[in-house]
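Please read this briefing with the model open beside you.

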Amino acid sequence: MLRVDNLQVVRGRETVLSGVSLALQAGEVLGVLGPNGAGKSTLLGALCGELTAAEGDVFLHERPLAQWSGPERARRLAVLPQVSTLGFAFRVEDVVGMGRLPHGSGLVRDAEIITAALQAADAAHLRDRSYLALSGGERQRVHLARVLAQLWPGDGGVTLLLDEPTSALDPLHQHTTLQAVRDFADRGAAVLVILHDLNLAARYCDRILLLQNGRPYALDTPQRVLQPEGVKAVFGLDVLVQPHPERGHPLIIAR
Amino acid sequence: MRPMLAPRILFIGLGGLCLLATWLSLALGPVSLPLLDTLRAGLHLAGLPLSGQGLEQAEMILGQIRLPRTLLGLAVGAVLALAGVAMQGLFRNPLADPGLVGVSSGAALGAAVAIVCGSALGGLPSFLEPYLLSACAFLGGLAVTALVYRLGRKDGQTSVAVMLLAGVALTALASSAVGLFTYLADDATLRTLTFWNLGSLNGASYQRLWPLLLIALGVALWLPRRAQALNALLLGESEARHLGIEVERLKRELVLCTALGVGAAVAAAGLIGFVGLVVPHLVRQVAGPDHRVLLPASLLAGASLVLFADLIARMALAPAELPIGIVTAFLGAPFFLYLLVRGRP
């Protein structure tokens, strides 16, 4: 649904990202991992058209991203940035409702979708609160609900790009949030998510792209990518990898 | 969260306030007319089949003096408040002011040029003078705003941070140029210049009113169409883009509406401070930040505020008249300080 070949992004004279080729499939969650400064957010910026690629066009549904009109694109591609700066006292419901802006689907349908998206992000109880009165983690969930509402229900060839959606969340909500993302993908959405927690990535992602210094180190299933050699080479971290006793996905333990 | 007024109640309240302000503005002045006479004369003037008997004087005062003045106040207040909302949305900061993009200081410079050069040339034909002043003020405001916008642009993107800084720098530059003209001016010119800078609704006439009315109407019809886009812009520029908003176009429209609106308002009534800052802020406190409500509510509140301020300006030292800019600043500055001390909600 979202495809790029041999992507290269240049900032000034420096090549900050090169050689990335990927095709995001419907129904999959693709995790992007890598140390700070490896080019994860740059990749996301290039994939959503925020940054101009020096090489490698981005295709959304086999059509170059730049050729989509704003609202047309927004109905198929949603982006959750790392930090959002909203300094006005909107109600949570209104913030999530902004996700319906590209649609014009009517107040009744929008209200249903807002309810569903808030529930998915475990933020239904915040509905009538002022956005400014929320904690950092609550705000992050509200913005997740906003981008989910933008693409709700998640079928029909939509793509969701998430930049560290769990960075401000408590352990429980790290899992509920990624489970919501997983469910969204299971309904047919293609999801790319930048993560820092290797174990969360191992549990919820179908494939993992490991980035090192702006270049892809590996792109494969969690079982293949999250091996001690790769983690050592990319993160410089000595780890043990064992299967999860109940679920079988790799469990990464620092030595 | 604090309970907010339902939009319907807010609009009824503000609409009533605006009508009351209009009524009082038509009735009160050096020759105060009984309120009922004002109403009857007004309706008769508007072409309603009422008996106009005994109201000839009232109708003359109304038609010739009070009505253009009131219309000017309504338009100036509405357009300043709308421009304030537009700028606070553009800069995503509730403390932004329409003056930030340089339109007020540019208009002041244009007016100073017109006043001082006009008098240095031995005085223009008197029928031309007010038009020249208005035209120069309007063009000065547009020119400085265009420059601020131009400086903020790079590679097809407009940086509001750069625009903000450019606005500050050009405002300082324009102010010192106004200072230079002030220094060069003789005493009579100086007085004109000073009074112009303090703003006044005095001397309103239909001839000078219609450009402002047209622009105010255009801005008042256009901006609410962009209310949802303004809401999205508050999330951030890239977030708005991801929601399908053409952000560059939106920014251009906001700057244009502000430049035309404030430029025309300043050209017609001089500098009237604090309306654009305080009104949207005040409305946001009772109605919340949603631009679908904020824009029309600010329009009504701004129009009412300017009319009430003008009433104070007319009545406080009657028969002398205070410049309205002094009144709005007296009301606005303490309120602004109160907001600062109280902290953002």
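Two strands are said to pair if DSSP finds at least two bridges between them, and the elements themselves are DSSP runs numbered from the N terminus, with helices (H or I) having at least four residues and strands (E) at least two. This is a predicted model, in which local features need pLDDT of at least 70 and side-chain atom pairs count only at pLDDT 80 or more, while totals for chains, interfaces and linings use all residues. Residues are numbered from 1 along each chain as its sequence is written, and chains are lettered from A and ligands numbered from 1 in the order in which they are written.

**The sheet of chain A**

- Six strands of chain A form an open sheet with mixed pairing, in the order β6-β7-β8-β3-β9-β10.
- The edge strands of this sheet are β6 and β10 (215–220) of chain A, each of which pairs on one side only.
- Strand β7 (residues 159–163) of chain A is joined by five bridges to strand β8 (residues 190–194) of chain A, and these two run parallel; within this pairing, A:T159 stands opposite A:A190.
- β7(A) also runs parallel to strand β6 (residues 77–80) of chain A, to which four bridges join it, and here A:T159 is the bridge partner of A:L77.

**Around strand β7 of chain A**

- A residue counts as buried if 20 or more other C-beta atoms lie within 10 Å of its own, as exposed if 12 or fewer do, and as partly exposed in between, with C-beta atoms placed from the backbone.
- Five of the five residues of β7(A) are buried, so this strand is largely enclosed by the rest of the structure.

**Two helices of chain B**

- Helix α1 (residues 7–27) and helix α2 (residues 35–45) of chain B pack at an angle of about 100°, with their axes 9 Å apart; axes are lines fitted to C-alpha atoms, for helices over the stretch in contact, and angles run from 0 to 180 degrees between N-to-C directions.
- α1(B) and α2(B) are therefore roughly perpendicular to each other, a label given to angles of 65 to 115 degrees, whereas those under 35 count as roughly parallel, those over 145 as roughly antiparallel and the rest as oblique.

**Core and contacts**

- A nonpolar core is a set of buried Ala, Val, Leu, Ile, Met, Phe, Trp, Tyr and Cys residues joined through C-beta atoms within 7 Å.
- The largest nonpolar core has 195 residues, of which A:A117, A:A145, A:L148, A:V191, B:V79 and B:L82 touch the most other members.
- Helix α3 (residues 56–90) of chain B supplies the largest share of this core, 19 residues.
- Two residues are in contact if their C-beta atoms, placed from the backbone, lie within 7 Å; leaving aside neighbours within four places in sequence, the contacts of A:V191 include A:V29, A:L160 and A:F184.
- Between the chains, 20 residues of chain B are in contact with 25 residues of chain A, and α9(B) gives the most to the side of chain B that touches chain A, with five residues.
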